[in-house]
Amino acid sequence: MFRNYVKTTFRNIKRQQAYSFITITGLAIGIACCVLIFMFVSHELSYDNYHKDVERIYRIPTIVKSKSVERPFARGLTPLIPTLRENFPEVETAVRFHYWSTANVKVEHDNQVFIENSLMVTEPELFRVFTIPFLLGNPATALDRPGAIVITREIAYKIFPNESPLGKTLKVNGREYEITGVVENAPENTHLRYDIMLSLKTVENRMNLDNWGWTGFYSYVKLFPNVNPQEFEENIRTVAHDYIGETLDELGIEFVLFLQPLKDIHLQSNLHREIKPPGDSTYVYIFSVVGILILLVACINFMNLTTARSGTRAKEIGVRKVMGAQRFQLMVQFIGEFIFMTIIALFMALLMIELVLPYFNELAGKHFITSSIFRPNIIIALMSTVLFVGLIAGSYPALFLSAFKPVSVFQRFSHTGSGGGAVRKMLVVWQFAISTALIIGTLLIYRQIDFMKNKHLGFDKEQKVILPIYLGDNFETIKKEFLSHPSITGTTASSDVPGRIDNSLVTKLVGDENEPGWTILYNFVDYDFISEYGLEVIAGRPFQREMATDASMAFVLNEAAVINFGFATPEEALGKRLTRGGESGPIIGVVKNFHIKGLQSEIQPHIMQLRSRDFSMLSLTISTENLAETLEFIQGKWQELQLGRTFSYFFLDEDFNRQYGSEERMGRLFSVFTGLGIIIAVLGLFGLASFMAEQRTKEIGIRKVLGATLVNVLSLLSKDFVKLVLLANVIACPIAWYVTGRWLENFAYRIDIGWWIFVLAGGLALVIALLTVSTQAVRAALANPVESLRYE
């Protein structure tokens, strides 16, 4: 019997090749999309879950509270970890680490030079808190003495391909260290970065490790089992005030500590100075929904076409029942056939994934491999999908058609397809409602990204090359050296540039020293910064070389800072004095607000001040002509002036737009999956339109004999589908409006959701549907009426 069922299944697939191809391909695309999205979502949710006892590991960030703002920093207070080890019995172990460098780490060995990404200064406890597998060396002693470093397997193989690196020396950023251990490379699904780990004892004399006012170290604890993390958090919340309480009270600020579960950092944290740009749980949820919707569209398509065609097998059912087949046997046959077709779609989906995986990795910024598909959770999801789709699609013919008596089957289905037209129409409506909603989402995402990237930010970001170098008091001489090239039209020095300004200091108005201060973002700039960046001075003046007092202590504020200090107008702020760190100076100017961060956040209060010892960025305004030659000159001048270990630069506009990286990645993925969802819907509509045209072959032939034109036939076959798509638009628009509106709330500066977006999306869906249906309608309309009347 089973053999007979298999033969029947293959015979039906072969007999209806076009329908089988459309049905199975549509489902395969849906499954492939869903699997890729599930891999992405699963990877995002897996961050740092591989660490042993992950549920007991926490990061301890610091909230700096002042009169105006609360600024949460990912880094903890520098002496915190030793204090916790000594005074808090709830702590099993704890570690702190500091990134000496997160780019351009120069490594030298045997006259070879390598550039690595990160240099971490840390303690031996790092390997007791985190699961970092050792390949060579002893984790307990590898970092317990000065001059010791631990490197990753990748670096070890690159520098020492044919020998053990243990005991060898490496020169890192000009200093020699001994390799005491080799660890496995950091996996992709961790928020940590480690290439080279240097023992803290090596540099402890060069760092003020007892400074409670410095949030310089990322701090982590592993609590003993059964410790209540909420109670522990409450106990350490204000521990800094036990040591520097008087100083904090004088400054009018407060340090508040809290716990972050390690496994929540990637998706639930967005603090200042994160180790890596974090993910976004909102996007994970959005893609989860998109994956489910696309699979739903594919399932609707599969069920619609299979149930529509099942009615054409009514005579087969009647014959089988006459020959003695029981209803249960027919149910098993139909459900088995549809599960078998779903299995075929699954194998097609796996082949599609193998082909598109490199492109998906590029879009998603991941490094998935084919074997990633065969993880237990994905295999379970795939098997569940096969069973679910097969059972649901096979349920209608299995339960409905198998219940008829043979005589009624021959009478009822002798010339028409199956019933269930209302159900199929409802499924088409929901299929296109989902497609229309995805189109609306894609259009709005791209409009918001385009708005952010092209909105004028209040400063000139184009044609700016930034050199990250320490300039110091010699900045004017260095600037003149670069200005000697005709394509470099301007230079300016600063501590930071827009998009990277993250240094905040407590500032007060003179006369309000007894009041709490404001924690405000600072950028230390030279005389040319305001003019080179095109900032608009709306009150007072910029910094001027002829004003000697500007170099000692003077401030230029943005409008947000003026409001922050309580002044009614920019003019009122002029001449008022600010104090910081025991020194004071006048407010000499106010500039129009400009964006120092991405458009996700409001413009923050911001102060500029002259202070050359903090200059670490040189901005060059260049001409776009002969760009390669200009960059070559810049590199040569860098080496001539010996400005740093390795030459590096970045373009300001590209660097600023990196803040929108997650949104751009989401937009690309969303548009691709929306396109695939539409393709699935089109395949289903094409198959359904073809089936409907086939069922009405005689009717169309009679109408043509009676004088119906091509337009009449097109209208006849298209009008029902037009109504269904219009109804789908009515359902999709309010849902899409609500969801996209909630998403846009994540941006302080955002587009308006115009009515034309919904009209455009609905129109696109309607045009796609009409073009799809019309191909079959035209074919039916052009058929010879004589042949049509001979049908069956």
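1. Helix H8, spanning residues 241–251, is the main contributor to a patch of negative charge, supplying three residues. The patch lies on the surface and brings together Glu246, Asp249, Glu250 and Glu254. Patch members have over 30% relative accessible area and no salt bridge, with like charges joined within 9 Å and nonpolar side chains (Val, Leu, Ile, Met, Phe, Trp, Tyr) within 5 Å. Asp and Glu count as negative and Lys and Arg as positive, while His and the chain ends are not counted; each charge is placed at NZ of Lys, CZ of Arg, CG of Asp or CD of Glu. Glu246 belongs to helix H8 and is exposed, at 67% relative accessible area. Buried means under 20% relative accessible area, exposed over 50%, and partly exposed in between (1.4 Å probe, protein chains only).

2. On the basis of the model: it is predicted, so local features need pLDDT of at least 70 and side-chain atom pairs count only at pLDDT 80 or more, whereas totals for chains, interfaces and linings use all residues. Residues are numbered from 1 along each chain as its sequence is written, and side-chain values use heavy atoms, with hydrogens and water left out.

3. The chain has 792 residues, of which 53% count as buried. It contains 27 helices and 26 strands, these being DSSP runs numbered from the N terminus (helices H or I, at least four residues; strands E, at least two). Along the principal axes, the C-alpha atoms fill a box of roughly 105 × 60 × 55 Å.

4. Accessible areas come from the Shrake-Rupley method with a 1.4 Å probe, and for residues only the protein chains shown count as cover. Leu760 sits in helix H26, residues 755–781, and is partly exposed, with a relative accessible area of 36%.

5. Salt bridges number 31 across the whole structure; each is a side-chain nitrogen of Lys or Arg within 4 Å of a carboxyl oxygen of Asp or Glu. Asp502 and Arg71 form one of them, their closest N and O atoms lying 3.0 Å apart. This pair links distant parts of the chain, 431 residues apart: Arg71 is in strand S3 (residues 70–73), and Asp502 is in the loop between strand S17 (488–494) and strand S18 (503–509). Asp502 is buried at 11% relative accessible area, and Arg71 is buried at 4%.

6. Another salt bridge joins Arg153 to Glu184, with 2.6 Å between the closest N and O atoms. Arg153 is in helix H5 (residues 153–159) and Glu184 in the loop between strand S11 (175–183) and strand S12 (196–199), so the pair ties together parts that are 31 residues apart in sequence. Arg153 is partly exposed at 40% relative accessibility, and Glu184 is partly exposed at 25%.

7. Asp655 and Arg658 also form a salt bridge, the closest N and O atoms being 3.3 Å apart. Here Asp655 is buried, with a relative accessible area of 10%, whereas Arg658 is exposed at 56%. Elsewhere, a network of salt bridges links Arg85, Arg96, Glu123, Glu125 and Arg128.

8. The whole structure holds 24 aromatic pairs. Rings of Phe, Tyr and Trp (its six-membered ring) pair if their centres lie within 6.5 Å; planes under 30 degrees apart count as stacked, over 60 as edge-to-face and the rest as tilted. The pair of Trp214 and Phe217 is edge-to-face, because the ring centres are 5.9 Å apart and the planes stand at 80°. Trp214 is partly exposed at 27% relative accessibility, whereas Phe217 is buried at 0%.

9. Phe459 and Tyr533 form a tilted aromatic pair, at 6.2 Å centre to centre and 50° between the planes. The two residues are 74 residues apart and link distant parts of the chain: Phe459 lies in the loop between helix H15 (421–454) and strand S16 (464–468), and Tyr533 in the loop between helix H17 (529–532) and strand S20 (537–540). Phe459 is buried at 3% relative accessible area, and Tyr533 is buried at 0%.
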